[in-house]
Amino acid sequence: MSDQTTSAPPQRRTFLMVLPLLAFIGLAVLFWFRLGSGDPSRIPSALIGHPAPQTTLPPLEGLQADNVQVPGFDPSAFKGKVSLVNVWASWCVPCHDEAPLLSELAKDKRFQLVGINYKDTPDNARRFLGRYGNPFGRVGADANGRASIEWGVYGVPETFVVGPEGTIVYKLVGPITPDNLKAVLLPQLDKALKAGS
């Protein structure tokens with residue numbers, strides 16, 4: 001009888017030692033599939049369908065177009081116009097990649113292109129726009145990042161479509177690429193333009 005009682009505890013100990021390993025493997029598999037299946041640019045925004053934050057930003061110091069200071073960021077400029085708001089920085093590598101696409105978008109005069117320069121120095125921001133061209137009709141300097149937080153920005157670059165009534169209708173997390181420009185951003189702009197007419 002003593003032989004039967006001594007054989008049970010080692011099996012129980014083995015099971016108890018293996019149980020955490022099985023739990024870890026199960027969680028690892030779950031995380032692997034959940035993280036691999038999502039599109040990070042489709043992070044939901046609580047601001048979609050709500051008015052754009054009423055944050056005014058000063059103009060980017062020294063940025064001129066036709067010898068006139070480019071105006072800063074003023075939410076009252078959204079009223080009656082569809083706007084594409086791009087949050088960018090000179091130190092942001094993906095921002096360099098999307099800059100030519102923003103220049104192409106700026107040729108479309110059906111909407112206005114507005115920039116929020118995030119945690120950047122004026123010299124570096126002007127140098128960036130000098131290198132790629134300034135696609136923005138307005139550029140606000142968000143030196144401390146507070147305005148970007150109010151917009152719900154996770155990181156740069158991010159782009160918002162704001163409808164003519166001043167409501168955020170779409171948010172793109174990450175850089176504008178040729179693929180998401182055609183598949184997502186242009187259709188969202190067209191949808192906002194049709195809703196405003």
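**View 1. Helix 2 and helix 3 form a right-handed crossing.** A crossing is right-handed if the near helix is turned clockwise from the far one by less than a right angle, and left-handed if anticlockwise. In this predicted model, local features need pLDDT of at least 70 and side-chain atom pairs count only at pLDDT 80 or more, while totals for chains, interfaces and linings use all residues. Residues are numbered from 1 along each chain as its sequence is written, and side-chain values use heavy atoms, with hydrogens and water left out. Helix 2 (residues 93–105) packs against helix 3 (residues 122–132) at an angle of about 55 degrees, and their axes are 10 Å apart. Axes are lines fitted to C-alpha atoms over the stretch in contact, with angles from 0 to 180 degrees between N-to-C directions. Helices are DSSP runs (H or I, at least four residues), as are strands (E, at least two), numbered from the N terminus.

**View 2. Cys95, His96, Ala99 and Ser103 of helix 2 meet Phe128, Arg131 and Tyr132 of helix 3.** Contact means heavy atoms within 4.5 Å.

**View 3. Buried residues of helix 2 include Cys95, Glu98 and Ala99.** Leu101, Leu102 and Leu105 are also buried (under 20% relative accessible area, 1.4 Å probe, protein chains only). Their cover includes strand 3 (83–88), helix 3 and helix 5 (178–196).

**View 4. Valine 173 lies in strand 7 (residues 168–173).** Valine 173 is buried, with a relative accessible area of 15%. Valine 173 and glutamate 158 are 15 residues apart in sequence, and their C-alpha atoms are 4.8 Å apart in space.

Note on methods:
Buried < 20%, exposed > 50% of the residue type's maximum accessible area, 1.4 Å probe, protein only.
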